[in-house]
Amino acid sequence: MKKTFEKLIATHSTSLTKLCTSLCNNLHDAQDLYQATWEKAIKKYRQYDSNQSFEKWLFAICVNTYRDMLRRYDNKKVVKFSTSDEQESFLYSIPDFDVDKDEYIALHTALTNLRPEHREVIILYYFKDYSILELSEILSVKEGTVKSRLHFAREKIRKEMHIDEKQ
């Protein structure tokens with residue numbers, strides 16, 4: 001089993017790191033989420049249905065673990081960067097950040113200001129390319145709920161980034 005997990009971690013490490021980094025507002029929380037996700041995956045591996053996508057199963061564990069973290073932080077705590085240097089340092093820790101730094105900072109700021117359930121669907125839909133149906137399964141909510149969350153998240157991002165809907 002050790003070899004199996006070494007292979008799974010090697011295969012899914014980058015995508016899980018990106019998801020954790022996108023969900024959390026700071027590097028330390030992202031690292032904690034990453035570690036906790038793998039711990040739970042190892043403990044619950046016997047429950048994994050090999051007919052399903054491992055990454056989808058792993059991401060569901062990650063999202064649920066993230067929600068647990070939020071509940072522990074009273075579900076209202078949002079970590080804000082105290083300085084722009086701190087934010088930039090965090091953002092540079094994300095792979096491929098150098099490409100469009102200014103747009104990425106604006107998008108990250110808009111994502112940070114979303115409610116957690118809206119941030120989850122945006123990240124999984126746009127950055128991980130999951131369908132509405134897959135998101136419904138991962139998040140354990142109805143498809144209509146996923147669509148509604150996407151709609152409200154898009155609207156908030158448009159307003160924050162001053163994007164005209166027709167663009």
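**View 1. Arg-115 and its salt-bridge partner in the predicted model**. Arg-115 is exposed in this predicted model, with a relative accessibility of 52%. Its side chain forms a salt bridge with Glu-117. The closest N and O atoms of Arg-115 and Glu-117 lie 2.4 Å apart. This pair belongs to a search of the whole structure that finds seven salt bridges.

**View 2. The salt bridge between Glu-137 and Lys-56**. The two side chains meet with an N to O distance of 2.9 Å. Glu-137 is partly exposed, at 43% relative accessible area, whereas Lys-56 is buried, at 16%.

**View 3. Glu-160 and Lys-156 within helix 8**. A salt bridge joins Glu-160 to Lys-156, with 3.6 Å between the closest N and O atoms. Both residues belong to helix 8 (residues 143-161), where a spacing of four residues separates them by about one helical turn. Glu-160 is partly exposed, at 30% relative accessible area, and Lys-156 is likewise partly exposed, at 36%. Elsewhere, salt bridges that share partners join Lys-56, Glu-134 and Glu-137 into one network.

**View 4. The cysteines Cys-20, Cys-24 and Cys-62**. The cysteine sulfur closest to that of Cys-20 belongs to Cys-62 and is 3.7 Å away, therefore too far for a bond. Cys-24 is also in no disulfide, its nearest cysteine sulfur being that of Cys-20, at 6.3 Å. Cys-20 is buried, at 0% relative accessibility, and Cys-24 is buried at 3%. The count of disulfides comes to zero.

Note on methods
Residues numbered from 1 in each chain as written. Predicted model: local features only at pLDDT ≥ 70, side-chain atom pairs only at ≥ 80, totals over all residues. Heavy atoms only, no water. Disulfide = S-S within 2.5 Å. Buried < 20%, exposed > 50% of the residue type's maximum accessible area, 1.4 Å probe, protein only. Salt bridge = Lys/Arg side-chain N within 4 Å of Asp/Glu carboxyl O. Helix = DSSP H or I, 4+ residues; strand = E, 2+ residues; numbered from the N terminus.
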